[in-house]
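Here are some questions on a protein chain and its ligand. Each answer ends on what was asked for.

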Amino acid sequence: MVDGRQMESLSETDGPAIASLYRECADYWTLVAGRPAGEEDAVSLLADRPPTLARSNKLVLGLRDGVRLVAIADALRDYPHAGIWWLGLLLVAPESRGRGLGRRLYAAFESWAAAQGANELRLCVQAQNTRAHEFWQMLGFVALGSQSTTLLELTSQVTLYSRSVAKPSGTTDERQKLAGRCLSTPHSPRRLDTYMPGSPHIYPCLVTEDD
Ligand SMILES: CC(C)(COP(=O)(O)OP(=O)(O)OC[C@H]1O[C@@H](n2cnc3c(N)ncnc32)[C@H](O)[C@@H]1OP(=O)(O)O)[C@@H](O)C(=O)NCCC(=O)NCCS
């Protein structure tokens, strides 16, 4: 529950509502992808997932104000391994930002994911999305490395973030050490493969010796 409303699982029938939210968020898409997102990109949100991931582990959640979507979250459960969840996108409508909604949505999502066995959350942020960096760092995410990645029409440097949700008592150094075993670091370069080139959503696969 967020602000007394339930986050809902979205499906194909919600495509137009997602497209409408995407149009409202043209600022975000232009910043990170070089152009506004629309109808086709909304369809991609519902369909895109890494080829190895079961359809049931792709989750698109929405928060409505009446019939209108005011926020969406896109997640991959147990990817690339059990216990690791990816947040492909957290998007709040422009007029609802800066009022704590993103923070409350994240808190609800994290509790829900942890209750289903998530012990680590991962996500990517483009270098130019400075507000998102502040947001995720404020929530305790640790930057582990960066790599150049293309999203739709724009190539940017993206930072990989991770947060342990099972043992939040670990220090930043401990968490960096733990997660750094799986993620690329400047001293130990490993490959970050981005699935679905041409998709407006990033689902990287971090290829390591352990993977
Ligand atoms: C990033 C986003 C999800 C945050 O949601 P939000 O509802 O705006 O954030 P909140 O109001 O919960 O703010 C939480 C914190 O974010 C930071 N923040 C919020 N507004 C900010 C701003 N204008 N500038 C810098 N930091 C800001 C602050 O640390 C704030 O903490 P505070 O409430 O103690 O001041 C939202 O702004 C959004 O959808 N942005 C466009 C899409 C996007 O960038 N998504 C993330 C992709 S990785």
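Q: What percentage of the 211 residues in the protein chain is buried?
A: This is a predicted model, in which local features need pLDDT of at least 70, side-chain atom pairs count only at pLDDT 80 or more, and totals for chains, interfaces and linings use all residues. Residues are numbered from 1 along each chain as its sequence is written. A residue is buried if 20 or more other C-beta atoms, placed from the backbone, lie within 10 Å of its own. In the protein chain, the buried share of the 211 residues is 35%.

Q: Which residues of helix α3 are buried, and where on the helix do they lie?
A: Helices are DSSP runs of H or I of at least four residues, and strands are E runs of at least two, numbered from the N terminus. In α3 (residues 39-47), the buried residues are Asp-41, Ala-42 and Leu-45. Seen down the axis of α3, they fall within an arc of 105 degrees (taken from the directions from the helix axis to the C-beta atoms), so they line one face of the helix.

Q: Which elements do the buried residues of α3 pack against?
A: Contact means C-beta atoms, placed from the backbone, within 7 Å. The buried residues of α3 pack against α1 (15-24), β2 (58-65) and β3 (68-76).

Q: Which element gives the most residues to the shell around the ligand?
A: 19 residues surround the ligand, each with its C-beta atom, placed from the backbone, within 6 Å of it. Elements giving two or more residues to this shell are β4 (84-92), α4 (101-115), β5 (120-126) and α5 (130-138). The most, five residues, come from α5.

Note on methods:
Buried ≥ 20, exposed ≤ 12 C-beta atoms within 10 Å, placed from the backbone. Contact = placed C-beta atoms within 7 Å.
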